[in-house]
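Morning, everyone. Please bring up the structure, and I'll walk you through it.

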Amino acid sequence: MSTQFIEYPKCTTCKKAKKWLEEQGVSFTDRHIAEVAPTEQELRSWWQASGLPLKRFFNTCGTKYRELNLAAKLPELSEDEQLQLLASDGMLVKRPLLVTASGTVIPGFKAETWGAALGK
């Protein structure tokens, strides 16, 4: 499996991350998160591989997150319900999302963190 770069092309952070990947010479498969939303199974495996709290996979700055008042609702939802919610709309998922060929999963972009994961 190659490195996956999951993005929303209009997102400025995604543009910055993509440029960084290209400058580092990283080969990756690009995926538009709104057109091809992650499945519940993908999200579950990525979350488990990341070792991060599930909340880190939510785009807490997004319009959809605020519209659904998820800040108040998430604590009451089970992990399965949260994963189903994430899978229901790609715009709820934190982006960009990096899934490396070795299985490391990182939501959001920080050059240092991505560099360490990719050996750059």
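Let's start with one residue. Arg44 is partly exposed, with a relative accessible area of 25%. What does the side chain of Arg44 meet in a salt bridge? The partner is Glu40, at 3.5 Å from N to O. Both residues sit in helix H2, four residues apart, which is about one turn of the helix. Glu40 is partly exposed as well, at 28% relative accessibility.

A word on what you are looking at. This is a predicted model. The mean pLDDT of the protein chain is 95. Of its residues, 99% reach 70 or more. Among the elements, helix H3, residues 63-67, has the lowest mean pLDDT, at 93. Strand E4, residues 105-107, has the highest, at 97.

Back to salt bridges. How many does a search of the whole structure find? Seven. One of them joins Lys18 and Asp30, with the closest N and O atoms 2.5 Å apart. Lys18 lies in helix H1, residues 12-23, and Asp30 in strand E2, residues 28-32, so this pair ties together parts that are twelve residues apart in sequence. Lys18 is partly exposed, at 23% relative accessibility. Asp30 is partly exposed too, at 35%. Glu7, Lys18 and Asp30 are linked in a network of salt bridges.

Helix H1 has another pair to show you. Lys19 forms a salt bridge with Glu23, and their closest N and O atoms are 3.9 Å apart. The two are four residues apart in H1, about one helical turn. Lys19 and Glu23 are both exposed.

Now go inside. In soluble globular proteins, nonpolar side chains tend to be buried together. The largest nonpolar core here has 18 residues. Trp46, Phe57, Leu86 and Leu97 have the most contacts inside this core. Which elements give two or more residues to it? They are H2, H5 and strand E3, which is residues 97-99. H2 gives the most, with three residues. There is also a second, separate core, of eleven residues. That one includes Phe5, Ala17, Trp20 and Leu98.

Stay with Leu97 for a moment. Leaving out residues up to four places away in sequence, Leu97 touches Gln4, Phe5, Ile6, Trp46, Phe57, Val105, Ile106 and Pro107.

Next, helix H5, residues 79-88. Gln82, Leu83 and Leu86 are buried there. Why do they fall on the same side of H5? Because they cover an arc of only 100 degrees around the axis.

Last stop, the cysteines. The cut-off for a disulfide is 2.5 Å between the sulfur atoms. Cys14 is therefore in no disulfide either, with the sulfur of Cys11 as its nearest at 3.3 Å. Both cysteines are buried: Cys11 at 15% relative accessibility, and Cys14 at 0%.

Conventions:
Residues are numbered from 1 along each chain as its sequence is written. This is a predicted model: local features need pLDDT of at least 70, side-chain atom pairs count only at pLDDT 80 or more; totals for chains, interfaces and linings use all residues. Side-chain values use heavy atoms; hydrogens and water are left out. Buried means under 20% relative accessible area, exposed over 50%, partly exposed in between (1.4 Å probe, protein chains only). The arc is that of the directions from the helix axis to the C-beta atoms. A nonpolar core is a set of buried Ala, Val, Leu, Ile, Met, Phe, Trp, Tyr and Cys residues joined through side-chain atoms within 4.5 Å. Contact means heavy atoms within 4.5 Å. A salt bridge is a side-chain nitrogen of Lys or Arg within 4 Å of a carboxyl oxygen of Asp or Glu. pLDDT is the predictor's confidence in each residue, from 0 to 100.
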